[in-house]
Amino acid sequence: MRFANPLVLFALLILPLVVIFWWRRSRLALGFSDLSLLPAGESLRCRLVHLPRLLRLMALTLIIIALARPQAGIEKIEETSRGVAIEMVVDRSGSMGAEMEFDGRAMTRLEVVKQVFAEFVTGNTRDLHGRPSDLIGMITFARYADTVCPLTLAHGALSGFLDTIHLVPQESPENRTAVGDAVALAAARLKTAEETLARQTKGDVKAYQIKSKIVILLTDGQNNIGRHTPEEAAALAKQWGIKIYTIGVGGDDVVKVQTLFGPRMVRTGEGVDQKTLAGLAESTGGVFRMAEDAEALRAVYQEIDQLEKSEVESVRYIDYKEYFALFVWTALALLVIETLLGCTVLRRAP
């Protein structure tokens, strides 16, 4: 409760003066030579003789409060997030089974990519703070590109999707690298991100706005199959206003791979096509970086974290409601009652 005109409340200070005036006036009395002429005892009417004045005093108090305009409000805070729509594109071809160091442990490149990606989204205790306000999805690819996780703000579901990502066996016909198809699919998913967002926010367009759209491509190979070349996919992304950040994972063509017969040194292919990845990034406004271990990968994510910042705007307002009418109507009711009593049962001689 608050008052729009609080200075009016100082008028309440005159009420004690009014009471004193009425009290002194009531002491004026007629003189009687003999008390036996007065009726004995005090009737109910005599006890209520001051009730009209009391009602008038209460009415006056309520009118002063009404003039001060009492108000009550409900504070509301609306948050509008302006986040980044991020589509992760992860290579899961056989070469991603090569060993890579992760916090002193030897893991496959794919497992390291999954671990660091989880840190990028949820944050770690060191250099990554998480992306809680971003719309994040994931696409994996080898011979074919597949949407593993649709664009979502519910990041708690991502860990479950990451567990479903596995390497393609080296001898499998699936073991190819369709970079162009994967980037084209990611760009298409981002192109319709607004429709996806509208379904998740149930049409509340003020709740979330997409600030920018980016693709983060992680691969250790070269495009060797697919309907779209990387250049064609980059052209689509550029046309739709999507930036592509490319990360070359690993570095050596010959790496140690764990097999059923123990570790073996195998050639993983022709290595990272750095020229193509750099061209994808440059043509769309992104950046290209190489990451030979987990720390380098974290550093790349940290750089992207700084380049693509999300925003959360809070709008605070209070909706006030006027309550002066309640006090006015109550005061008028008291005055009506006071008038009726004064004209009937509590009528006094001048």
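1. A quick word on terms before anything else: helices (H or I, at least four residues) and strands (E, at least two) are DSSP runs, numbered from the N terminus. Counted that way, the protein has 11 helices and 12 strands. Bear in mind that this is a predicted model.

2. On the overall picture, 39% of the 350 residues count as buried. If you look at contacts between residues at least 6 apart in sequence, 78% of them join residues at least 24 apart.

3. Now the largest nonpolar core, which has 35 residues; Met-138, Ile-216, Leu-218, Leu-297 and Tyr-301 are the ones touching the most other members. Helix 4 (residues 109–122) gives the largest share of this core, 7 residues. Another core lies apart from it, made of 28 residues, including Ile-139, Leu-151, Val-179 and Ile-242.

4. Met-138 deserves a click in your viewer. Setting aside neighbours within four places in sequence, Met-138 is in contact with Glu-87, Met-88, Val-90, Phe-117, Asp-146, Thr-147, Val-148, Cys-149, Leu-162 and Ile-165.

5. Then there's helix 6 (residues 179–191).

6. Is helix 6 largely enclosed or largely open? Largely enclosed by the rest of the structure, because 10 of its 13 residues are buried. Those buried residues are Val-179, Gly-180, Asp-181, Ala-182, Val-183, Ala-184, Leu-185, Ala-186, Ala-187 and Leu-190. Val-179 also turns up in the 28-residue core.

Notes: Residues numbered from 1 in each chain as written. Predicted model: local features only at pLDDT ≥ 70, side-chain atom pairs only at ≥ 80, totals over all residues. Heavy atoms only, no water. Buried < 20%, exposed > 50% of the residue type's maximum accessible area, 1.4 Å probe, protein only. Core = buried A, V, L, I, M, F, W, Y, C linked by side-chain atoms within 4.5 Å. Contact = heavy atoms within 4.5 Å.
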